[in-house]
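Visitor: I am new to this structure and would be grateful for a close look at a single part of it. Please begin with one residue and then show what surrounds it and how the rest of the chain is arranged.

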Amino acid sequence: MRRIILPGALLCLTATLAFAHYPGVVKVDVAAKKQPPVTFNHAKHGDTLVKSCDTCHHTNKGLTKAQADKVEVKKCAECHLEAKGKTPSMREMSLTKNPMHIRCVGCHKETKKGPMACTGCHKKA
């Protein structure tokens, strides 16, 4: 019995540690003064909806879920909140200038799934 339980427990612990940095649900609240925060199901998108992490994390080319705890994956806001130069700003309300709006709404339109209007993501509490 012990021969089965111990390896099973080690396997579960290893799997938990391997994905320790891969987020489940993320709250994006950088625009909270103007719009309600966005609750984003990162796990659902990462596990089933996109082919690779660099679909969204463009600075981490070739990144896989298994590697996510081994490399630094910056939050979008680190570059796009106080954006300078040609880097698009998350502070833009526009659907054509805000990088989150461009990426997320663009994908939703392309796949004909998911919210495409402001209130679909920015839900009042």
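Guide: Cys 121 has a relative accessibility of 25% and therefore counts as partly exposed, since that class lies between the limits of under 20% for buried and over 50% for exposed. The model in view is a predicted one. Cys 121 belongs to helix α5, which covers residues 118-121. When residues up to four places away in sequence are set aside, Cys 121 touches Pro 37, Val 38, Thr 39 and Pro 115. The C-alpha atoms of Cys 121 and Phe 40 lie 8.2 Å apart in space, although 81 residues separate the two in sequence.

The chain as a whole provides the setting for this residue. It contains five helices and two strands, and their order along the sequence is α-β-β-α-α-α-α. The chain has 125 residues, of which 15% count as buried. Its accessible surface amounts to about 9,800 Å², and carbon and sulfur atoms hold 62% of that area. Among the contacts with a separation of 6 or more, 30% join residues 24 or more positions apart.

Asn 98 is placed in the loop between α3 and α4. Its relative accessibility is 4%, so Asn 98 counts as buried. The side chain of Asn 98 reaches the backbone nitrogen of Met 100 at a distance of 2.7 Å. Beyond its neighbours within four places in sequence, Asn 98 is in contact with Ser 89, Met 90, Arg 91 and Glu 92. Pro 88 lies 10 residues from Asn 98 in sequence, and their C-alpha atoms are 6.2 Å apart.

Ser 89, one of the contacts of Asn 98, also lies in the loop that runs between α3 (77-80) and α4 (99-111). With a relative accessibility of 18%, Ser 89 counts as buried because the limit is under 20%. The side chain of Ser 89 comes to 3.0 Å from the backbone nitrogen of Arg 91. Apart from neighbours within four places in sequence, the contacts of Ser 89 are His 80, Leu 81, Ala 83, Lys 97, Asn 98 and Pro 99.

Another loop, between α2 (42-49) and α3, holds Asn 60. At 14% relative accessibility, this residue too counts as buried. The side chains of Asn 60 and Thr 59 form a polar contact of 3.4 Å. Asn 60 also touches Asp 54, Val 71, Glu 72 and Val 73, once residues up to four places away in sequence are left out.

Rolling a probe the size of a water molecule over the atoms shows where empty space is left. The second largest pocket has a volume of about 200 Å³. Leu 49, Val 50, Lys 51, Thr 55, Arg 103, Gly 106, Cys 107, Glu 110 and Thr 111 form its lining. Helix α4 supplies the largest share of that lining, with five residues. Sorted by class, the lining comprises three nonpolar, three polar and three charged residues.

Terms used
Residues are numbered from 1 along each chain as its sequence is written. This is a predicted model: local features need pLDDT of at least 70, side-chain atom pairs count only at pLDDT 80 or more; totals for chains, interfaces and linings use all residues. Side-chain values use heavy atoms; hydrogens and water are left out. Helices (H or I, at least four residues) and strands (E, at least two) are DSSP runs, numbered from the N terminus. Buried means under 20% relative accessible area, exposed over 50%, partly exposed in between (1.4 Å probe, protein chains only). A polar contact is a pair of N or O atoms within 3.5 Å; within protein, one must be able to donate a hydrogen and the other to accept it, and residues adjacent in sequence count only if both atoms are side-chain atoms. Contact means heavy atoms within 4.5 Å. On a 1 Å grid over the protein atoms alone, a cavity is a set of points where a 1.4 Å probe fits but cannot get out, and a pocket is an open set with protein on both sides within 12 Å along at least five of seven lines; lining residues have an atom within 4 Å of a point. Grid points are joined across faces, edges and corners, and a volume is the space filled by probe spheres set on the points. Ala, Val, Leu, Ile, Met, Phe, Trp, Tyr, Cys and Pro count as nonpolar, Asp, Glu, Lys and Arg as charged, and the others, Gly among them, as polar. Accessible areas come from the Shrake-Rupley method with a 1.4 Å probe; for residues, only the protein chains shown count as cover.
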